[in-house]
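Subject: Structure handover

Hi,

Here is the structure I promised to pass on. My notes follow below it.

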Amino acid sequence: MFGNPVAVPANSSPHLRKSGSRPVVSDLEYLSGTETGNGVDETLLHSMEVDDLKSTILTMNPVAIVPSPILLWRFKVFLFIFWGLFCCKIGWDSVMRMSADLRDLFLYEAFLYYNPLLLVTMMVWLWGINLWVFSQSNVNYAKIFELDQNHLTHREIWKCATWMTIVVPTSMTAYLYLYSHGEVSLAASQPVLLYVAVAMILIFPFEIFFLSSRFFLLRTLWRIVFPLQAITFADFFLADILTSMSKVFSDLERSVCRMIHRQVATIAWFEADSVCGSHSVAIPVVLVLPYLFRLFQCLRQYKDTGEKPTLLNALKYSTAVPVIFLSALKYHVFPDKWTSFYRPLWLLTFTRIFKFNRPHFFSHLFYGQKWVYVWVLGSNLILRCTWTYKLSAHLRHNYLTVFTITALEIFRRFQWIFFRVENEWNKMNSKSNIQITMSNLPTEEDKLLNSSNHNV
């Protein structure tokens, strides 16, 4: 009733074509378009419409909108700072809710559970800085430590440190908040869950959470505890770091002891005869273990190499033993006997055995100006003076002071890492140069064959 229908080619309509395909124009269409005078114009119009539709779809595609890395980094930093301030606010309000007579005692206990992991987090951050400096210099730390190609870079170390910085204070904030609001059982579970999670991550046997690096760490720790083989650079390097963290391991032992005996968020541990109290013999034993490990390593090195300096190093590490055990006697003798005899003996032992190493400048400066070396030597001399304080068991109740001194000792060890690794790299290069020089020297046979002057 509307007249004859008009035949429209299927390939000329954009609604009948596959999206994104070009319009196909046949010869007949071209001829008919020439006759009518507007066939080509319609085809070009359809093509332009398709192109406009494509550009519109690409513009509206959300995948194409990607924020800049700098913006993402700033956003992450903002969230990190905001979360830190939030935890500080909640923790401070929780502490202020407690009575003044219990506040200090409660903080002492809470600090005991979390300060070891906080110090370990600090060490991980500083180790990332060490690796970053090594990557910017000529020091091939992967070759020095005999690492494989899957070893962690400084960026991955910093990622681990970032998560540790988030998780540990969050658990501590939850502990303070729950305890101050009367949820004692939930509060006691917070450090337990955190310690269990850390242990599970370390021993997790599957290809997740940097399995090869965790295996390398655990294997090196096993070699340190049982030095039944030749000592590698990684062995005594990590053992030296453990000596700076001896107070960390002592606090870990006390924390785990209270968790096992269900003394978390209680005052049962405050009793002198408690298995986890101040009289526990495990405290000085754990304190001295890193020094004994290093002592046995030096003896093993002397057995393998016969170098006498290793015996002097063994003597140096053995001097920590009397300092630790004389300090621990405070909790096992009468107070007047401690004041009149053992305390002066402890001070005398410290002053007699304490000495400074002779400063030594390395021949190659990888880390900038000479003032850096002067600063490190001076700060190392000063910070070494505090080493007995963190080894003194009778001073453990000054937890804030001990925490500060332990943090300074970790910072001193962080500085030491730069120059200890640099020194090892210099030794490796010197050996390589000597080997190359020896290989280039002519042999006696070459001298005879190359000689051209013969007197008959």
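Helices here are DSSP runs of H or I with at least four residues, strands are runs of E with at least two, and both are numbered from the N terminus. This is a predicted model, where local features need pLDDT of at least 70, side-chain atom pairs count only at pLDDT 80 or more, and totals for chains, interfaces and linings use all residues. Residues are numbered from 1 along each chain as its sequence is written, and side-chain values use heavy atoms, with hydrogens and water left out.

**Overall**

The chain has 18 helices and zero strands. Of its 456 residues, 35% are buried. Buried means under 20% relative accessible area, exposed means over 50%, and partly exposed lies in between (1.4 Å probe, protein chains only). Contact means heavy atoms within 4.5 Å. Take the contacts between residues at least 6 apart in sequence: 71% of them join residues at least 24 apart.

**Annotated spans**

An unreviewed UniProt entry lists residues 71-92, 112-134, 160-180 and 192-212 under "transmembrane region". UniProt positions are in the numbering used here, feature names are shortened, and annotations may be inferred rather than shown by experiment. In the model, residues 71-92 are 100% helix and 0% strand. The end C-alpha atoms of residues 71-92 lie 32 Å apart. Residues 192-212 are 67% helix and 0% strand, with end C-alpha atoms 27 Å apart.

**Helix pairs**

First, the conventions. Axes are lines fitted to C-alpha atoms, for helices over the stretch in contact, and angles run from 0 to 180 degrees between N-to-C directions. Angles under 35 degrees count as roughly parallel, over 145 as roughly antiparallel, 65 to 115 as roughly perpendicular, and the rest as oblique. A crossing is left-handed if the near helix is turned anticlockwise from the far one by less than a right angle, and right-handed if clockwise. For residue classes, Ala, Val, Leu, Ile, Met, Phe, Trp, Tyr, Cys and Pro count as nonpolar; Asp, Glu, Lys and Arg count as charged; the others, Gly among them, count as polar.

- α4 with α7: The axes of α4 (residues 100-136) and α7 come within 10 Å and cross at roughly 30 degrees. The two are therefore roughly parallel. α4 passes α7 in a left-handed crossing. Leu112, Tyr113, Tyr114, Pro116 and Leu117 of α4 meet Gln190, Pro191, Leu194 and Tyr195 of α7. That contact has eight nonpolar, one polar and no charged residues.
- α7 with α8: α7 (residues 184-203) and α8 (residues 211-225) pack at about 100 degrees, with axes 8 Å apart. They are therefore roughly perpendicular. Ile201, Leu202 and Ile203 of α7 touch Arg214, Leu217 and Leu218 of α8. By class, the count is five nonpolar, no polar and one charged.
- α9 with α11: The axes of α9 (residues 233-244) and α11 (residues 282-305) come within 8 Å, crossing at roughly 150 degrees. That makes α9 roughly antiparallel to α11. α9 passes α11 in a left-handed crossing. Asp235, Phe236, Ala239, Asp240, Leu242 and Thr243 in α9 meet Pro290, Tyr291, Arg294, Gln297 and Gln301 in α11. This contact has five nonpolar, three polar and three charged residues.

**Single residues**

Ile410 sits in α17 (residues 399-440). Ile410 counts as buried because its relative accessibility is 0%. Beyond its neighbours within four places in sequence, Ile410 contacts Leu119, Met122, Met123, Leu126, Ser244 and Met245. Ile410 and Met245 are 165 residues apart along the chain, yet their C-alpha atoms are separated by 7.1 Å.

Asn150 is in the loop between α5 (141-144) and α6 (154-180). Asn150 is exposed because its relative accessibility is 57%. Outside four places in sequence, Asn150 is in contact with Ser212 and Ser213. Phe210 is 60 residues from Asn150 in sequence and 8.7 Å away, C-alpha to C-alpha.

Now the backbone. Most residues other than glycine have a negative phi. Glu146 has a positive phi of about 55 degrees. Glu146 is in the loop between α5 and α6, and it counts as exposed at 63% relative accessibility. Arg262 also has a positive phi, near 55 degrees. Arg262 lies in the loop between α10 (246-260) and α11. Arg262 is exposed, with a relative accessible area of 76%.

Best wishes
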